[in-house]
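This report describes selected features of helix packing, nonpolar cores and backbone geometry. Please consult the sequence and the structure shown below while reading.

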Amino acid sequence: MKILKKIVILLIIVLIGIQFVPTTYNTSNEVLETDFTKIYNAPQNIKNLLKTSCYDCHSNNTNYPWYSKIQPGAWFMENHINEGKEELNFNTFGEYSGRRKKSKLKSIISQIRDDEMPIASYALVHRDAKLSEEDKAMITKWLNNIRENLK
Amino acid sequence: MKNLKTTFSILLFTVLISTVSSCKNDAKKADTDGEMQTMEMNKEGMDHDNSDGHHDNDGEEAEMSHDNSDGHHDNDNAASTDRDIAASTQKNGATSEIIDSYLQIKNALVADDKDGAAKGGSMMLMAFSNFDMSQLNEAQHKEYMEIYESAKEQAEHIVKSPIDHQREHFETMSTDVNDLITLLGTDKTLYLDYCPMKKVNWLSETKDIKNPFYGSKMMTCGNMKKQIN
């Protein structure tokens with residue numbers, strides 16, 4: 001009993017301790033010329049949808065809610081963001097070759113259509129990021145239009 | 001006592017997970033670094049291979065550069081899919097390993113074989129890292145790199161995805177490999193087939209139609225557009 005109590009206290013100290021481990025936050029206020037919404041001239045409603053549902057992990061600027069700043073939550077998030085940006089970064093979309101723009105667009109559309117993105121664990125916590133059927137229809141229509149024009 | 005135990009295990013679990021996840025991050029970074037190093041080493045290896053004149057396509061390479069000088073291989077991506085393949089296909093064995101891996105994926109998808117397709121994806125990554133880029137001229141190199149980047153991405157996804165995703169990435173990959181053949185040629189006899197439902201082309205080594213996009217569900221759907229070689 002006494003030992004257990006000591007261990008619990010130790011663990012609490014560790015939990016408090018890891019809060020002080022420096023974490024790199026994915027934030028930037030720079031609006032790049034290569035930004036997806038900029039090069040394709042996205043209307044405001046599409047812009048808002050992308051920003052709320054996609055940009056947290058697929059851009060250089062994550063909107064961190066307070067709970068995501070508590071460890072180990074922030075580490076989980078960091079992992080997702082790194083993976084997400086590696087796969088697709090909306091801020092630098094203009095840097096992709098024409099071939100890759102097409103294939104990225106194809107993937108974006110099919111991920112949204114099949115409810116693969118935004119991923120379930122993220123949408124569970126960020127309720128506003130979840131795309132409704134109307135949102136999905138609107139955004140895929142707009143994306144498909146860009147894709148047609150790229151051909 | 002019981003309560004304390006539960007609290008204790010929850011806390012322990014949390015700390016363990018956070019440790020694991022931070023380790024995973026580091027391991028990943030290390031992985032990427034390693035990969036990049038290997039790539040660089042491969043490049044060096046290729047240059048070396050080449051300097052001893054082992055490459056047996058010298059004649060064709062000359063022909064290819066000639067084609068290029070009259071502007072046949074401009075870098076217009078948008079037009080690349082519509083190029084007349086039969087007219088521009090050179091005999092080139094250098095692309096064989098890449099095409100073989102593509103056909104492995106194609107045949108696995110025809111057979112609804114997810115693991116076989118994943119294996120083909122790894123084969124393709126290997127084939128690209130074995131490819132001798134030093135034989136390419138500047139214009140070819142630029143287009144080759146674009147095709148390579150895209151095909152590599154598709155192959156990586158085919159390695160790790162369920163079969164319906166594999167098939168989606170195979171659509172893009174088919175365009176990539178087809179464009180690669182247009183750019184560099186092949187010494188294989190291939191057939192360019194068209195899937196009217198997906199509105200995409202795919203390549204096959206056999207004359208009869210075996211559609212890889214739906215597997216057994218729609219095996220004979222499609223038609224042959226062109227014979228290559």
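In chain B, the axes of helix H5 (residues 96-110) and helix H8 (residues 163-184) come within 11 Å and cross at roughly 150°. Axes here are lines fitted to C-alpha atoms, for helices over the stretch in contact, and angles run from 0 to 180 degrees between N-to-C directions. H5(B) is therefore roughly antiparallel to H8(B), a term for angles over 145 degrees. The crossing of H5(B) past H8(B) is left-handed, that is, the near helix is turned anticlockwise from the far one by less than a right angle.

On the side of H5(B), the contact is made by B:Ile98, B:Ile99, B:Tyr102, B:Ile105 and B:Leu109. H8(B) contributes B:Gln166, B:Arg167, B:Phe170, B:Met173, B:Val177 and B:Leu180. Two residues are in contact if their C-beta atoms, placed from the backbone, lie within 7 Å. By class, this contact has nine nonpolar, one polar and one charged residues; Ala, Val, Leu, Ile, Met, Phe, Trp, Tyr, Cys and Pro count as nonpolar, Asp, Glu, Lys and Arg as charged, and the others, Gly among them, as polar.

The model is predicted: local features need pLDDT of at least 70, side-chain atom pairs count only at pLDDT 80 or more, and totals for chains, interfaces and linings use all residues. Residues are numbered from 1 along each chain as its sequence is written, while chains are lettered from A and ligands numbered from 1 in the order in which they are written.

Chain B has eight helices and three strands, and its elements run α-α-α-α-α-α-α-α-β-β-β from the N terminus on. Helices (H or I, at least four residues) and strands (E, at least two) are DSSP runs, numbered from the N terminus. Of the 229 residues of chain B, 30% count as buried. A residue is buried if 20 or more other C-beta atoms lie within 10 Å of its own, exposed if 12 or fewer, and partly exposed in between.

The largest nonpolar core has 30 residues, of which B:Ile98, B:Tyr102, B:Ile105, B:Met124, B:Ala151, B:Val177 and B:Leu180 touch the most other members. H5, H6, H7, H8, E1 and E2 of chain B each supply at least two residues of this core. A nonpolar core is a set of buried Ala, Val, Leu, Ile, Met, Phe, Trp, Tyr and Cys residues joined through C-beta atoms within 7 Å. Beyond its neighbours within four places in sequence, B:Ile98 is in contact with B:Met124, B:Ala127, B:Phe128, B:Phe131, B:Val177 and B:Leu180. A second, separate core of 17 residues includes A:Phe36, A:Cys54, A:Leu88 and A:Phe93.

Most residues other than glycine have a negative phi, and most peptide bonds are trans.

| Residue | Phi |
|---|---|
| A:Asp115 | near 60° |
| B:Lys199 | near 60° |

A:Asp115 lies in the loop between H6 and H7 of chain A and is partly exposed, with 13 other C-beta atoms within 10 Å. B:Lys199 is placed in the loop between strand E1 (190-195) and strand E2 (200-204) of chain B; this residue is exposed, having 8 other C-beta atoms within 10 Å.

The bond from A:Gln71 to A:Pro72 has omega near 0°, and A:Pro72 sits in the loop between helix H4 (55-58) and helix H5 (73-87). The bond joining A:Met117 and A:Pro118 has an omega of about -10°.

Note on methods
Angles under 35 degrees count as roughly parallel, over 145 as roughly antiparallel, 65 to 115 as roughly perpendicular and the rest as oblique.
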